[in-house]
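Welcome! Let us take a friendly walk through a protein model and look at how its parts pack together.

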Amino acid sequence: MRTTIQLFALMLFIFSIGKICQADTTEVKQQIETIIAEIGKKYCPDQRVALWKIEINYQDNDYNLVGETDHPEAVRALTNQIKQTLPAIKIQNLIKILPDETVNGRNFGIVINSVEPLRSGPSVFNDMVTQTLRGLTVEILKSAEGCFLVKTDDGYLGWMEDDRLAVGGDSLKTAWENASKVVYDDFEGIIYSKADRKSMPVADVVLGNRFKMIGKQGQWTHVEIPDGRRGFIPSQMLVSESEYLARTPTAEGIITTAKNLLGRPYLWGANSPKAFDCSGFTQTVYRRNGYLLARDANMQVNQGFAVDTTNLLENLMPGDLLFFGPNPEQINHVAIYIGDYEYIHCSAWVRINSFKPGTANYNDYLLKKLRYVRRIIGK
C-alpha cells in the first residue's frame, strides 16, 4: 500500500514539474513573440515593402528562431533584444536572410516586357499586386516554382515569372548601369524590326521603358531590349536616361501628362499607360516628370509637405495630391489637383471631377471623403 502511495506521489510530482516547465516555456515563447512583433513594427512595419515572417519554435528543449526577412539589421536587433530580455535562455537563430541560396548569386534582374505584373504568390493564379516596366531593375530575393520574389525600384515586393527577366549578378548590374540608355517618352508605340514603320514589329513599348542604345539611323534610334532583341524606335519618342532622370516636376508638366492619359481604364494593381489604379496613375504621372512616388495611396500620403485643408480651395495649388478615405486612418484613393476646383484621377477610367457644386462633373461623394493634401512641387 505504501509503495502504491509513494508511486502515485512521484507521478504527481513529475506531472507538476512538467506543468511548471510547460508554463515556463509558454511564458518564454510569449515574451519572444512580443519582441518579434516589436522589432518587426520598428524595422519592417509595411509588409508590402519589407519582408518579416519570423516565428519562435520550441523543440527538443531548444528555442529556435525560424522564418525569413530581407532586413538583416532587424535580425541583429531581434537577437540582441532577446539576449538582453532573456539572458539565461539559449536561442538558436535559424532565420533566412534574403536573398537566399535559391537565388545562387543571380540577385539582379532587368524587366524584359513592356509591362510586367507582380503577384502575391509564385503562380499566375495569384492576384496582381503591382506592375513594373521594361528596363527597370529588380532585386531578386528567392526562387520558387518557376518564379522569383523580387523588390522593384519603388521598393514593392511581389512574385514574377523567372523568364520575364534578364537575370545575373554583379557583372550584369554593372554592365546595365554603365550602358548608354534611352527612355521611351511617348505613351504607347511599337519597336520595329527596321527603320521603317512598314517593317515587322519586334515588341510593343510604353512610357518609361528603358533600352540600351545601339546607334542612330536617320530619324530612328537602334535599341536593344534587355533580353538581346533589337529594333528601331523613332528618335523623337526617346530621351536619354540621364535627361529623363534629371527632370524636375512642375505643375504644368504634371497636368499635361495627366490630361494626356484621360480615358485610360482602371485596373487594380496596374501602373502603366495601358491601365492604372488610382495610385498607379499618380505614380506614372509623377515618374515621367522626375519624381518617384511610393506605390500605394496610403504610402504616397506620407510624401511631400502637408497642406492646410481648413480653407481648402484657397490653399490648393495645381499638382497637389489629394487623398480620400472613409476616415483619416484609411486612405484608399488619390487624385491630382489641376486648378479651378478640378482634379484628375483614375476611377473606372482617368477622368476630371470638380469640387464646385452645380458643375456637370461635381463629385460630392469624394469631397466628403477628402482627408489630406500633400504638396510635392515646392512648399
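Leaving aside neighbours within four places in sequence, which residues is Ile344 in contact with? In this predicted model, the partners of Ile344 are Ala258, Lys259, Leu262, Phe281, Ala335, Ile336, Ile338, Val350, Arg351 and Ile352.

**The nonpolar cores**

Ile344 also belongs to the largest nonpolar core, which has 24 residues. Together with Phe281, Val285, Tyr286, Leu321 and Ile336, Ile344 touches the most other members of that core. Which elements each supply at least two residues of this core? The table lists them with their residue ranges.

| Element | Residue range |
|---|---|
| Helix 5 | residues 251–259 |
| Helix 6 | residues 278–288 |
| Strand 22 | residues 321–324 |
| Strand 23 | residues 333–339 |
| Strand 24 | residues 342–347 |

Helix 6 gives the most to this core, with 4 residues. There is also a second, separate core of 19 residues, and Tyr63, Val75, Ile82 and Leu86 are among its members.

**A closer look at helix 6**

Helix 6 is mostly covered, with 11 of its 11 residues buried. Among them are Cys278, Gly280, Thr284 and Arg287, and the list also includes Phe281, Val285 and Tyr286. Just after helix 6 comes Gly290, whose phi is positive, at about 95°.

**Where two helices cross**

Next, find helix 5. The axes of helix 5 and helix 6 come within 9 Å and cross at roughly 130°. Because of that angle, helix 5 counts as oblique to helix 6. Helix 5 passes helix 6 in a right-handed crossing. On the side of helix 5, the contact is made by Ile254, Thr257 and Ala258, while helix 6 takes part through Phe281, Val285, Tyr286 and Arg288. Sorted by class, this contact has 5 nonpolar, 1 polar and 1 charged residues.

**A buried spot in a loop**

Finally, visit Ala50, found in the loop between helix 1 (2–43) and strand 1 (52–59). Is Ala50 buried or exposed? Ala50 counts as buried because its relative accessibility is 5%, and buried means under 20%. Not counting residues up to four places away in sequence, Ala50 touches Cys44, Asp70, His71 and Leu157. Another pair to find is Ala50 and Tyr156: they are 106 residues apart in sequence, and 8.1 Å apart in space, C-alpha to C-alpha.

Note on methods:
Residues numbered from 1 in each chain as written. Predicted model: local features only at pLDDT ≥ 70, side-chain atom pairs only at ≥ 80, totals over all residues. Heavy atoms only, no water. Core = buried A, V, L, I, M, F, W, Y, C linked by side-chain atoms within 4.5 Å. Buried < 20%, exposed > 50% of the residue type's maximum accessible area, 1.4 Å probe, protein only. Contact = heavy atoms within 4.5 Å. Axes fitted to C-alpha atoms, helices over the stretch in contact; angles between N-to-C directions. Parallel < 35°, antiparallel > 145°, perpendicular 65-115°, else oblique. Left-handed = near helix turned anticlockwise from the far one by under 90°. Nonpolar A, V, L, I, M, F, W, Y, C, P; charged D, E, K, R; others polar.
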